[in-house]
Amino acid sequence: MYSLGTSVDAAFLLFSAYLVFVLQAGFAMLTAGSARAQNKLNVMLTTVVDAAVCAIFYYIFGFACAYGRPWNGFVGRGDFTEWLNLANSAQFDEYFNPRRGENHPWNPLANHRVWVFEWATAAAVAAIASGAMAERSQVTAHVACSAFLSGFVYPVICHWVWEPHGWLSVYSQGTRLMGVGMIDIAGSGAIHLTGAIAGFWGAIILGPRRGRFHSNGADDAAQPKESSSQGGRSTLVVMGTLLLWLGWYGINPGSILGIVPKHYVAMDVVVDRAAVTTTLAGAAAAITMLFARRLMRGRWDVEDACSGLLGGLVAVSAGCTVIEPSVAVLLGFLAAWMLIGTKQLAMAVGLDDPVEAVQRHGACGLLGLLFVGLLAKEDHVMQTFGDGYSNQETPCGWLYGIRGRKLLAAQAIGAACVVGWTSVAMAPLFLMLRMAGLLRISEEEEDARLGFSADDNYEHVLGQER
Amino acid sequence: MYSLGTSVDAAFLLFSAYLVFVLQAGFAMLTAGSARAQNKLNVMLTTVVDAAVCAIFYYIFGFACAYGRPWNGFVGRGDFTEWLNLANSAQFDEYFNPRRGENHPWNPLANHRVWVFEWATAAAVAAIASGAMAERSQVTAHVACSAFLSGFVYPVICHWVWEPHGWLSVYSQGTRLMGVGMIDIAGSGAIHLTGAIAGFWGAIILGPRRGRFHSNGADDAAQPKESSSQGGRSTLVVMGTLLLWLGWYGINPGSILGIVPKHYVAMDVVVDRAAVTTTLAGAAAAITMLFARRLMRGRWDVEDACSGLLGGLVAVSAGCTVIEPSVAVLLGFLAAWMLIGTKQLAMAVGLDDPVEAVQRHGACGLLGLLFVGLLAKEDHVMQTFGDGYSNQETPCGWLYGIRGRKLLAAQAIGAACVVGWTSVAMAPLFLMLRMAGLLRISEEEEDARLGFSADDNYEHVLGQER
Amino acid sequence: MYSLGTSVDAAFLLFSAYLVFVLQAGFAMLTAGSARAQNKLNVMLTTVVDAAVCAIFYYIFGFACAYGRPWNGFVGRGDFTEWLNLANSAQFDEYFNPRRGENHPWNPLANHRVWVFEWATAAAVAAIASGAMAERSQVTAHVACSAFLSGFVYPVICHWVWEPHGWLSVYSQGTRLMGVGMIDIAGSGAIHLTGAIAGFWGAIILGPRRGRFHSNGADDAAQPKESSSQGGRSTLVVMGTLLLWLGWYGINPGSILGIVPKHYVAMDVVVDRAAVTTTLAGAAAAITMLFARRLMRGRWDVEDACSGLLGGLVAVSAGCTVIEPSVAVLLGFLAAWMLIGTKQLAMAVGLDDPVEAVQRHGACGLLGLLFVGLLAKEDHVMQTFGDGYSNQETPCGWLYGIRGRKLLAAQAIGAACVVGWTSVAMAPLFLMLRMAGLLRISEEEEDARLGFSADDNYEHVLGQER
């Protein structure tokens, strides 16, 4: 009951969660580096506020939805009274205490350290969505978006994908989708695709930034109009990228949630593999993107390497423990081309997404999900999910055998459901915010932020939004 | 003797210590972001120098004072010869080696990894004090302040509060203060209040920065006179805040000093709780402060969210493992209002403290200490301190029962002693430095730093201080 | 077989590896802070590209060279078919899988988590070399240099120094060099000296930056011509230094590769000691350098403290677990004077190395190697290398006894071999790149980068290099 193994897993998960939190710092720097100079403040503010709002809403609502008492496969729950009484310490303690939890039908995932880890991922989802809406949205809109995402929309997807009773879950102990369940270990779908789709609707409903498409035909969404602090911009982008790379070592290996042997499998081998595939996929994507764009445009661009790197990291998340390192290199290569293609597409359709969240997290997340259906290795799947498949057929990727088509189908269905649910939930929210006049800042303020403001205090004080 | 559990605790404590070290980077960025542009250099220098000076002085003097051979409850000691001979390796090794240490009456805390963790906290104390003195103090003054704080003043408080023979200590194996001892798990009092009081006397004795109060009646201590790199300032403040938030996961859960089961208690549950309460208190304070100031001033201010966040983190440190998560939200709410109030107060009394260290670390630290006396939960106290209370009454907060008044009294006495001792020790130091002309930079230099210097080299070379 | 201890070591090594990765962020900021403003972009780009290129080349070639099947003491290998077939998953899996690896003659170091740790060190070597070549080299040259260093040159040295079959290795199970082997625990020689010598030849063959030595007789290699963002520069230098300091806690204690008891030795004591000596050597060097230069030049300079700190950290790496804490203070003191001396020397011979990589990593690395030969303590050597010396004489430093001369000789021979091999391997590469016109950017581009470019896009797009 008081086992050393639990302590080791706790330490592993907590420190992984702290690394996931580093993603917030990474997104903050990356978005600030991508924003026009005068908007850094807005961008920076939203990062801190996102993380804080997510903590409160994930605490009150989100965690119960994701990993609460099993209910119907769609969402978890506490009893209605329990929901209202979460502030009641005794119940809350029982609810979260893993020791007592073992004796009642609640979820063994419902403990404090999983809460910390999952909150940090929820904050990452909100940060991805915020990035796509940067520079023209009100603080109120960010708060509403973060609260709804972390309190309800993302937890529902977590429940589907990672909860043993979720209908998409590979961990499911009952009937699995297509007999195999959807494999999304570290959230190419649940985290990145969710965040990107939320950001997509936000960006569409906000509309592009003023002067983004018509002034000078710039072909780079992140092009600054003037560069007041030369070199500072790329510093922020690169530092943000390196911090995100670091944070990915929290989210990918950490998503195993433990490192001690389980079901006679040495989980440390699984965790180690996640660290290797993450590194290689990111590196391959960075190099591919850098050289491909060098050939296409005739000049080196630091943002290409950074953008490619992040695309590779997003793509490898779904299958980080079930693909092989050499296959991860291939995945990184494909992710870079996916990014190059969708970058063009986004320009063509006039989507203004300052940090390219939709391309990086959406397109590459989708690629990662489907790639698992093609190249997941049976051995590695068995290692990763332990006895989950003990009395059933272990799935593998389609390219390893015709029976792999079931896994591919499950991945595609899962992806479609993530996209559909996020769209159905988030688009109405943004439309309502727009109707209420709380979505976009005024034209005067947007113009003011683009020029050099005469107000000395402007720099660290946002304008008079409602 | 060569136990796996010890290794796990060692890894946990070391990595927690590394996160505590991240606080240095956080304080550096936060202070640089709060300083006027020309003073970033001074601020940055002092951070590195503080950490280095603290390492040397904490090594030679501090650690022996804090966790040396028990002596009189006021301060630990080595024999006088041992003090002089710390460079003598054999004695030093025996002194620090935990294996041999078990066989003699010295402190089991006296081992290398505790040294690393405690050094990092000592550096944090020095950084807090330095922040309050920023922009107008000499490098020499910072060195003297850091050396004295880390070599003597702070270790004495550590000895009182955390050493099993300290007279305030809840870990005490003899008679405890008020029968219960003072609960200050991660240093709302011992670290933050100490640093803030040291900084308070430094700031008072230095006097305000030139032009701080009389030029334009600015109501924000951190207002820059001109903003040469727009957006850069808020970037630094936010990044500093996020790094501090990260570092707090080292100091709060890490202060348990281990994660493996102890005295039949699963310490990982205690550690996990610390991570949750830390997150929630910080988040609640950030949101409260952001919205409260929005209502009061009619505009959003990113520094409000950051300031509130840090206030909440400071307040929750004392009781991070003994209060409940829902209560931590309440504490965060109170911390934000405490900050708002003391901000006004500091303006009213003309205290010039560029990073608001006194308000954030002092007022919120005091709040955190007293809050434990109100809302510590008996169950959680028992879990946290293991068999410490095995044959005595376990304390609880006053709001949980009338017998909790003893704990509240102990907390208040402890807070008063921390304030008193730090004042008595530090104020004379600053007065002596002022008399020796080593405290404040010259008026010419201060003016030079405020304007744009004509000297190209000025940027990275400090002036001709004595 | 599925042991808890392995899991603990895995978690320890992985998180150490993540901290080593933080070095990349540190080098990026430090180099950007040392570069002239317009060159930050180039510098930032190369950091990301270095890490990515190293991952791919260390995966395909480097790891097999370093820790592959033992062959001849010079370099490891896979069978030729295995090299070509690394993409073949089954072989790759067998190659890397530590569980299966135990049953065949391959190296127990050949597992995934060691790969992650060693890749991160390889990237650090490449970053050191890149720093010395900053501001005037082509992206292509950086890619070639990183690929060759991480794919072959550095792995060969790893094989010599750390592989149980390497001819310099203290871990060697056969005949050791001078009967004792070379002690270089965390790479003062293998990592820092290698990187510095590679950078030295790069800097020499590139030649100095335009205007570096003849324009105004500046005596500081890092002097900017104009300071467009005052204060920003020192912020970057200090933040880079703090991140490097943090990363050093990954590389020094982490180089033990595990923390659980081994051969009846409590390895956590060894790991703890590494953290303490690292802290003290760095701190002592920082303070020595700051005050020494203050006395010599009459002003405080933040870069002195940072430079000294890094020199001390480099010097302590070789012996971090075998010297005593008090001796580490002495080592830090010496490292600072070594830096001061070599700084003058580099000026005298006209070496233009923007980040002083040759002095910091080369001279201090050499100092660290030889210092081990003088002051390694027998007890600590035995603890660190466990049963390695069970049936042989345990070495100690020369100052502890005349028989220590063997260790000193081994350290000197090892250092000479590292310098020789790196020179022989890297100098021809740079010469070939120069002949191919791929080494240095054009004079026009270099001038353009020094002035303010008229091209708004210049800031984040590198020029038209080949």
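How many helices and how many strands make up the secondary structure of chain A? Colour chain A by secondary structure, and the answer is 16 helices and zero strands, where helices (H or I, at least four residues) and strands (E, at least two) are DSSP runs, numbered from the N terminus.

Before going further, note that this is a predicted model, in which local features need pLDDT of at least 70 and side-chain atom pairs count only at pLDDT 80 or more, while totals for chains, interfaces and linings use all residues. Residues are numbered from 1 along each chain as its sequence is written, chains are lettered from A and ligands numbered from 1 in the order in which they are written, and side-chain values use heavy atoms, with hydrogens and water left out.

**Chain A as a whole**

Keep chain A selected and show its surface: the accessible area comes to about 13400 Å², of which 63% belongs to carbon and sulfur atoms, as computed by the Shrake-Rupley method with a 1.4 Å probe, with only the protein chains shown counting as cover for residues. Of its 466 residues, 72% count as buried, a term that stands for under 20% relative accessible area, with exposed meaning over 50% and partly exposed in between (1.4 Å probe, protein chains only). Among contacts (heavy atoms within 4.5 Å) between residues of chain A at least 6 apart in sequence, 78% join residues at least 24 apart.

**T342(A)**

Select T342(A) next, in helix α12 (residues 325–349) of chain A, where the residue is buried at a relative accessible area of 15%. Its side chain reaches the backbone oxygen of L339(A) at 3.2 Å, and, once residues up to four places away in sequence are set aside, T342(A) touches Q359(A) and A363(A). R360(A), 18 residues away in sequence, has its C-alpha 8.8 Å from that of T342(A).

**Charged side chains**

Over all chains the structure holds 30 salt bridges, each being a side-chain nitrogen of Lys or Arg within 4 Å of a carboxyl oxygen of Asp or Glu. Select D268(B) and R113(A), whose side chains meet in one of them at 3.2 Å, N to O. This pair crosses between chains, from helix α10 (residues 267–297) of chain B to helix α6 (residues 112–132) of chain A. D268(B) is buried at a relative accessible area of 1%, and R113(A) is buried too, at 8%.

Then go to E356(B) and K343(B), which form a salt bridge at 3.3 Å, N to O; E356(B) lies in the loop between α12 (325–349) and α13 (357–375) of chain B, and K343(B) in helix α12 of chain B, 13 residues apart. Both E356(B) and K343(B) are buried.

As a last stop, select E118(B) in helix α6 (residues 112–132) of chain B, which is buried yet has no salt bridge, the nearest side chain of opposite charge, R113(B), being 11 Å away. Lys and Arg count here as positive and Asp and Glu as negative, with His and the chain ends not counted. Beyond its neighbours within four places in sequence, E118(B) is in contact with Y58(B), Y67(B), Y154(B), C158(B) and W162(B).

Terms used:
Polar contact = N/O pair within 3.5 Å; in protein donor to acceptor, adjacent residues only side chain to side chain.
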